[in-house]
Amino acid sequence: MILLKNGKILENSKLIKKDILIANGKIKKISDNIEEKCSETYDLKGKFVTEGLIDIHVHFREPGYSYKETIKSGSRSAAKGGFTTVMTMPNLSPIPDTYENLKKQLDIIKKDSVIRVIPYGAITKGEKGEDLADFKDLNKEVFAFSDDGRGVQDANMMYEAMLEVAKLKKAVVAHCEDNSLKRGGWMNEGKKAKELDQKGIPNICETVQIARDILLAEASGCHYHVCHVSTKEAIRMIRRAKKDGIKISCEVSPHHLLSDEESIDTVDGKWKMNPPLRAKKDRKALIEGVLDGTIDVIATDHAPHAEKEKTLSMEKSAFGIVGSETAFSTLYTDFVKTKIFTLEKLVDMFTKNVRKTFNLSYSKLKEGEPADIAVINLERKEKIDPEKFLSKGKNTPYAGKEVYGIVELTISNGEIAYIDETIK
């Protein structure tokens with residue numbers, strides 16, 4: 001048994017002192033004071049205790065690209081960030097487009113993961129956009145279906161996928177990118193690209209495909225979820241689609257809330273991500289989208305790469321940054337400490353909203369539920385140091401940023417997945 005003493009939980013938007021007793025993988029008791037002899041007892045000294053965070057968009061790179069990340073390193077990295085459940089994207093080798101391919105990933109998860117890891121299945125075979133994956137074969141073991149990393153270019157292919165996935169009561173989760181509108185670019189098409197003499201990707205590269213897919217979702221009745229929205233036009237369309245009763249949801253990544261194109265101070269690979277950092281007006285629209293509920297969840301798009309892939313010019317570097325270990329602290333610092341978001345709003349974007357959007361049953365801070373818990377020291381301050389990451393990927397533009405809200409203990413399914421030396 002594990003006893004957490006003197007923590008503070010959110011109750012009616014207030015932090016209330018509670019003790020939590022964990023036994024047989026579940027939350028046995030939450031009370032003002034618990035006196036019980038346990039194998040492990042931790043005095044939390046007023047630190048914040050929340051249900052474990054959920055990240056529906058991570059790249060753990062295994063099988064196929066373990067030089068970038070493994071399920072072991074990725075799950076440990078996520079646990080250090082307070083995440084007790086993550087969903088892994090399918091741009092792997094082999095791509096999980098059949099159960100046979102998926103099983104290779106499932107076996108590694110069972111062996112190496114320290115948290116709950118649920119894979120995605122691919123929408124199309126090999127993520128090539130030519131033939132549909134075997135949805136029925138994959139359905140029982142996957143969270144949803146996505147060709148993340150690539151947009152499905154053929155409208156009829158996406159429509160057929162939505163019709164089939166709707167029958168299985170799962171979601172189509174879309175990386176929205178019209179390849180004909182990328183225009184050979186690698187950062188946002190705007191004043192910063194002109195200033196730095198870089199080729200830009202216009203907003204319409206994202207939004208044209210979202211517009212198409214909204215109509216397909218309406219016609220098919222499928223739950224359609226948009227990955228990493230980055231533009232004001234996307235927010236406008238998704239807001240309208242929700243009002244029209246279309247079954248649509250979306251996510252935003254921390255870096256698109258934290259930064260915009262004007263944050264880019266050098267043309268190396270650390271600022272290269274897909275979609276790129278957009279204009280200030282886009283970032284403002286994303287923040288408004290979180291506040292008014294247009295954006296359902298925050299998801300990291302944790303995308304680790306080897307150092308050699310991110311220390312090139314922006315043009316030649318790989319797209320993506322890591323986010324598992326910095327997501328909560330950066331957002332807490334820039335949005336909760338500044339009173340743009342409440343603490344409850346931020347936590348809900350990683351927990352309650354995710355459960356509601358995808359009808360999930362875990363990560364609830366209630367008696368009788370699986371013990372998925374994160375303990376966060378909201379007063380602790382430190383500088384982001386990629387060399388201390390548990391992820392194999394060190395690719396972040398936020399190195400040296402001073403942040404508050406440091407995760408010190410993560411319990412997933414009743415087992416300690418991460419513990420900071422300060423709390424031992």
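Modeller: Let's start with T70, which counts as buried because its relative accessibility is 16%; buried means under 20% relative accessible area, exposed means over 50%, and partly exposed is in between, using a 1.4 Å probe and protein chains only. Before going on, please keep in mind that this is a predicted model, where local features need pLDDT of at least 70 and side-chain atom pairs count only at pLDDT 80 or more, while totals for chains, interfaces and linings use all residues. Residues are numbered from 1 along each chain as its sequence is written, and side-chain values use heavy atoms, with hydrogens and water left out.

T70 sits in the loop between β6 and α1 (71-80). Those names come from DSSP runs, numbered from the N terminus: helices are H or I runs of at least four residues, and strands are E runs of at least two. Leaving aside residues up to four places away in sequence, T70 touches F60, E62, S75 and K392, where contact means heavy atoms within 4.5 Å. Along the chain, T70 and P304 are 234 residues apart, yet their C-alpha atoms are separated by 9.8 Å.

Now follow β6 into its sheet. An open sheet is formed by three strands in the order β6-β7-β8, with parallel pairing; two strands pair if DSSP finds at least two bridges between them. β6 (53-58) and β8 (116-119) are the edge strands, each pairing on one side only. From one strand to the next, the twist averages 20 degrees. β6 is joined to β7 (residues 83-88) by four bridges, and I54 has T85 of β7 as its bridge partner.

Elsewhere, β12 (residues 223-226) is covered on both faces: H223 and H225 are buried on one side, Y224 and V226 on the other. Four bridges link β12 in parallel to β9 (residues 171-174), with V172 partnered by Y224.

Finally, some helices. The axes of α4 (residues 155-167) and α6 (residues 204-220) come within 9 Å and cross at roughly 40 degrees. That makes the pair oblique: angles under 35 degrees count as roughly parallel, over 145 as roughly antiparallel, 65 to 115 as roughly perpendicular, and the rest as oblique. Axes are lines fitted to C-alpha atoms, for helices over the stretch in contact, and angles run from 0 to 180 degrees between N-to-C directions.

A second pair, α11 (residues 327-336) and α12 (residues 343-350), packs at about 150 degrees with axes 10 Å apart, so α11 and α12 are roughly antiparallel. Their crossing is right-handed too. A327, F328, L331, Y332 and V336 of α11 make the contact with L343, L346, V347 and F350 of α12, giving nine nonpolar, no polar and no charged residues.

Conventions
A crossing is left-handed if the near helix is turned anticlockwise from the far one by less than a right angle, and right-handed if clockwise. Ala, Val, Leu, Ile, Met, Phe, Trp, Tyr, Cys and Pro count as nonpolar, Asp, Glu, Lys and Arg as charged, and the others, Gly among them, as polar.
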